Amino acid sequence: MTASIVGWAHTPFGKLDSETVESLVIRVTTDALGDAGISAADVDEIVLGHFNAGFSPQDFTASLVLQADPQLRFKPATRVENACATGSAAVHQAVKSIAAKAAKIVLVVGVEQMTRTPGPEIGRNLLRASYLPEDGDTPAGFAGVFGKIAQAYFQKYGDQSDALAMIAAKNHHNGVANPYAQLRKDLGYAFCRAEGEKNPFVAGPLKRTDCSLVSDGAAALVIADAETAKSMGKAVNIKATAHAQDFLPMSKRNILDFEGCSVAWQRALQSAGVELSDLSFVETHDCFTVAELIEYEAMGLTAKGQGARAIKEGWTQKDGKLPINPSGGLKAKGHPIGATGVSMHVLSAMQLLGQAPEGMQIKNAKLAGIFNMGGAAVANYVSLLEPVK
């Protein structure tokens, strides 16, 4: 362990018409520095996670962080991007800088504004996270890519519509307690399971309730080296990180195995010297319900083809043996691409210090697992967090 989270900030996720990418960045930067109890002058490096891909006309956004405070001027600032795992890519970059002793305090910001973009354009932008020579003409955009994955899974392992609806219902139920969540409504299993006017099929067997939300939002972290963290008001250790990048074309791999996800989990657990069963909870990347289902298998919670068992037997509920997405996940919380991975780290840190909102807090949370995924299991990031003892 070389780095600790010592401060954070998080906007609500949703349709934030009064905000811009710039205003969101400034807001969470100011709040995170205040939460950590440091000044902008104390920051050694800035890492901004921002996917964009056409959502914002303002590209080249790393220096927008400097708008928050003149004392950030001339600090090294870099924008990183790795599709839907952009936020975790930013966090991991900060950890690397600290491990290399290139910085003692790194400010990490994740941001996205998606809702001002017209619907068809949103689909085209998101589809850029797939391999265009193969998937560029997929109907329903990125949802269509995961619709094909769900269809293939159903063909191999049987119809899993019940399990997908249970995952959606679980995450929406959890999201009610999350004040940052975009959709704080307990939709219930029956609504998520039934196709209808308010829940139509979107792609293959995936209905609207199987798809994460289009969102605006931002989150930020202050990450410090272990020695500096000792003098801070609070600290959550980043116990292990792992990143496994896979082939972009789905044709070059067995897409039902999410092998990059498995590799990242195995590396992180081995690095930390722990087992999956040691985790108190997991925040995982449920961009679509079928992704969470396959991730149960890839992380080693169930055998291949048996992911439905984890949700049907209650393992992944907030009071189950491994709560998954107590925040409501991307399904309820929303998925502003560049902010998602940073948000996962913020909410996990809050859980570990017993500071999660009432109703969302996991009892006696001691070790958190985070899985953030870019594309269809292409960019795979795992972080393990624990409170400073």
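Tutor: A residue is buried when its relative accessible area is under 20%, exposed when over 50%, and partly exposed in between (1.4 Å probe, protein chains only). This is a predicted model, in which local features need pLDDT of at least 70, side-chain atom pairs count only at pLDDT 80 or more, and totals for chains, interfaces and linings use all residues. Residues are numbered from 1 along each chain as its sequence is written, and side-chain values use heavy atoms, leaving out hydrogens and water.

Student: Which residues of helix H6 are buried?

Tutor: They are Ser161, Ala163, Leu164, Ala165, Ile167, Ala168, Ala169, Lys170, Asn171, His172, Asn174 and Gly175. With 12 of its 15 residues buried, H6 is mostly covered. Helices (H or I, at least four residues) and strands (E, at least two) are DSSP runs, numbered from the N terminus.

Student: How do you know that the span of H6 agrees with its 15 residues?

Tutor: Take 1.5 Å times one less than the number of residues. For residues 161–175 that gives 21 Å, and the end C-alpha atoms are 21 Å apart, so the two agree.

Student: What do the buried residues of H6 pack against?

Tutor: Among their partners are helix H5 (141–157), helix H10 (289–298) and strand E6 (206–207). Leucine 206 belongs to E6, and its C-alpha atom is separated by 8.4 Å from that of serine 161, 45 residues apart along the chain.

Student: Why does leucine 206 count as buried?

Tutor: Its relative accessibility is 0%, which is under the 20% limit, so leucine 206 is buried. Its contacts (heavy atoms within 4.5 Å), leaving aside neighbours within four places in sequence, include Phe146, Leu164 and Phe288.

Student: Why is serine 130 called buried?

Tutor: Serine 130 has 7% relative accessibility, so it also falls under 20%. This serine sits in the loop between helix H3 (119–127) and helix H4 (132–135).

Student: Why is strand E10 described as largely enclosed?

Tutor: Seven of the seven residues of E10 (368–374) are buried, so the rest of the structure largely encloses the strand. Ala368, Ile370, Asn372 and Gly374 point one way, while Gly369, Phe371 and Met373 point the other.

Student: How do you know that E10 pairs with strand E9 and with strand E11?

Tutor: Pairing takes at least two bridges found by DSSP. E9 (281–283) and E10 have three, in the parallel sense, and E10 and E11 (379–387) have seven, running antiparallel, so both meet the rule. Alanine 368 is the bridge partner of phenylalanine 281 and stands opposite leucine 385 in E11. E10 and E11 make a hairpin with four residues between them, where glycine 375 in the turn has a positive phi of about 70°.

Student: What is the order of strands in the open sheet?

Tutor: Its nine strands follow the order E3-E2-E4-E7-E1-E8-E11-E10-E9, with mixed pairing.

Student: Why do strand E3 and E9 stand at the edges?

Tutor: E3 (77–80) and E9 each have a single partner strand, so one side of each has no neighbour in the sheet.
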